[in-house]
Amino acid sequence: MMTTPDKPSGHDDEPQDPLSELFGRLMGGAGAEGFDPAEMAKAAGLPSDPNLLRQMFEQVQAMMTSTGGDGPVNWQLAHEHARRTAAAAKDPSVSATQNREVDEALRLAELWLDRTTDFPGTGIIGRGWSRAEWIEATMGTWRRLTEPVANSIATALSTAMNEQMPEEMKGMLGGASSMLTNMGGAIFGMQLGAAIGALSGEVVSSSDIGVPLVDLEMALLPANVASFGEGLGLPEGDVRLYLAVREAAHARLFMHVPWLRAYLLGAIEDYARGIHIDVSKIEELAHSIDPGNPESIQEALQGGVFMPQRTPQQDAALVKLETALALVEGWVDELTAAATEGVLPSAGALREAVRRRRATGGPAEHAFASLVGLELRPRRLRDAATLWASLAQERGIAGRDAIWKHPDLLPTPEDLDDPKGFSARRSQAEAQDSEVDQALEKLLAGGFDTPTEPESAPEEGPSQGTATEPGSDATDEEGNADDGGTPPSGPRA
């Protein structure tokens with residue numbers, strides 16, 4: 001029977017359990033000596049609690065023979081590890097008082113937004129979430145967004161481990177080829193779960209990262225709202241109310257622009273479908289890591305070894321995604337500022353604090369970006385907010401919000417470069433489209449098949465330089481030949 005990582009066989013001349021020996025010999029060829037699962041887990045950013053660590057390694061051992069779902073990635077392990085990571089950071093349940101405060105803040109936010117947008121209210125009841133509840137509500141979307149890259153990384157891991165594993169180790173494991181695939185999926189599942197669990201400690205609402213992770217929901221995370229407000233020197237109620245306006249604005253946008261959620265998620269999927277993992281980097285990792293030196297493991301894991309290699313198609317998808325995220329966040333930012341102006345004294349300070357937070361991202365967001373190679377941050381939030389403000393001045397609230405009617409109407413990166421010139425460029429494009437529509441309408445009506453009457457040439461006199469008929473005597477008023485004033489050199493033919 002396989003022993004747990006912290007329980008060796010008890011004899012120096014007998015091998016450690018297969019998991020310890022596998023990691024020890026795979027990562028540097030040092031064998032089981034000097035391999036400390038606790039130190040390795042700590043370097044990899046996993047919990048240091050011995051009991052929790054033992055449970056995790058026991059689960060990984062169990063996953064050697066079970067995938068826990070379709071495909072190479074163990075999503076069950078990712079989900080469970082996300083929950084454990086959130087619980088390890090003290091995740092208090094939301095009290096009835098906090099739930100009431102969240103609902104009241106979101107209701108007031110809806111009233112304030114009524115005068116700033118053409119989109120009507122949502123009628124959704126606001127909720128307070130714990131971090132674990134946020135994980136439960138969003139895990140399905142996380143799986144959809146990360147599955148392509150997760151599958152690529154898990155496959156690359158299993159390939160690298162299979163190539164680097166000594167032959168005697170393969171014999172000890174019975175030649176179970178599926179074990180390596182399952183193990184690669186378990187490793188990535190644990191990393192992904194840790195990233196999502198850590199992210200649950202940073203987000204303040206269901207729509208905080210700009211991507212609609214849940215559909216038709218409005219929720220705040222009271223514990224994280226309180227953490228965000230620390231150090232700002234502002235009343236806790238003001239902070240909660242400002243963030244509630246942002247959450248309600250997101251909800252209105254995604255509810256009344258039904259194509260937008262699929263558009264954003266589709267852009268992420270387009271990017272993820274082209275993911276390619278450089279297996280050679282993982283092989284270099286297997287050769288270079290010293291199991292007895294946790295710092296080397298940490299440096300390797302933070303060095304982007306799993307970072308996907310971008311292709312031109314992915315760069316194009318990334319530009320599309322970043323532009324869409326900026327437009328969403330810019331619209332929400334502008335509406336929130338307009339809705340809170342004059343009614344929330346601290347709105348200006350809170351707006352700047354949120355902008356800085358969204359522009360830089362937190363530690364967990366950076367960890368997630370390193371894991372899947374995708375940053376979900378609106379890099380051009382300020383440019384987009386300026387564009388929406390300009391459109392509201394030029395076209396009014398209804399005209400501004402009408403831009404969301406169809407994805408083809410969305411501003412482009414060029415429009416973010418020059419927000420003031422958006423209307424002129426759009427008018428020119430609409431004029432060109434109108435000409436094309438008129439030509440198409442004429443073609444369908446058969447207008448291009450109707451022959452036109454030839455225009456009659458105007459009568460021209462001799463003074464207009466009209467060519468004479470052959471053999472004619474064209475003379476001027478004095479009887480001279482009209483040959484430009486040159487006397488004839490000989491008899492006319």
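The model is predicted; local features require pLDDT of at least 70 and side-chain atom pairs count only at pLDDT 80 or more, whereas totals for chains, interfaces and linings use all residues. Residues are numbered from 1 along each chain as its sequence is written, and side-chain values use heavy atoms, with hydrogens and water left out.

The protein contains 19 helices and two strands, taken as DSSP runs numbered from the N terminus (helices, H or I, at least four residues; strands, E, at least two). Of the 493 residues, 46% are buried (buried, under 20% relative accessible area; exposed, over 50%; partly exposed, in between; 1.4 Å probe, protein chains only). The accessible surface amounts to about 24500 Å², and carbon and sulfur atoms contribute 51% of this area (Shrake-Rupley method, 1.4 Å probe; for residues, only the protein chains shown count as cover). Among contacts with a separation of 6 or more, 77% join residues 24 or more positions apart (contact, heavy atoms within 4.5 Å).

Helix α15 (residues 347–360) packs against helix α17 (residues 381–401) at an angle of about 130 degrees, with the axes 10 Å apart. The arrangement of α15 to α17 is therefore oblique (under 35 degrees, roughly parallel; over 145, roughly antiparallel; 65 to 115, roughly perpendicular; the rest, oblique). Axes are lines fitted to C-alpha atoms, for helices over the stretch in contact, and angles run from 0 to 180 degrees between N-to-C directions. On the α15 side the contact involves R351, E352, R355 and R358, and on the α17 side L381, R382 and A385.

D333, in helix α14 (residues 312–340), is buried at 1% relative accessibility. Apart from neighbours within four places in sequence, D333 contacts R246, R351, R355, L381 and A385. Outside the four places on either side in sequence, S390 contacts P419 and K420.

The structure has 21 salt bridges. One of them joins E101 and R240, with the closest N and O atoms 3.7 Å apart. E101 lies in helix α5 (residues 96–113) and R240 in helix α10 (residues 236–256), so the pair ties together parts 139 residues apart in sequence. E101 is partly exposed at 28% relative accessible area, while R240 is buried at 16%. R240 also forms a salt bridge with E236 (3.7 Å, N to O); both residues lie in helix α10, four residues apart, or about one turn. E236 is exposed at 52% relative accessibility. In helix α6 (residues 131–164), E147 and R143 are likewise four residues apart, about one helical turn, and their side chains form a salt bridge (3.6 Å, N to O). Both are partly exposed, E147 at 24% and R143 at 33%.

L440, L443 and L444 form a nonpolar surface patch with about 330 Å² of accessible area together (patch, residues with over 30% relative accessible area and no salt bridge; like charges joined within 9 Å, nonpolar side chains, Val, Leu, Ile, Met, Phe, Trp and Tyr, within 5 Å). L440 is located in helix α19 (residues 422–444) and is partly exposed at 45% relative accessibility.

How values were computed
A salt bridge is a side-chain nitrogen of Lys or Arg within 4 Å of a carboxyl oxygen of Asp or Glu.
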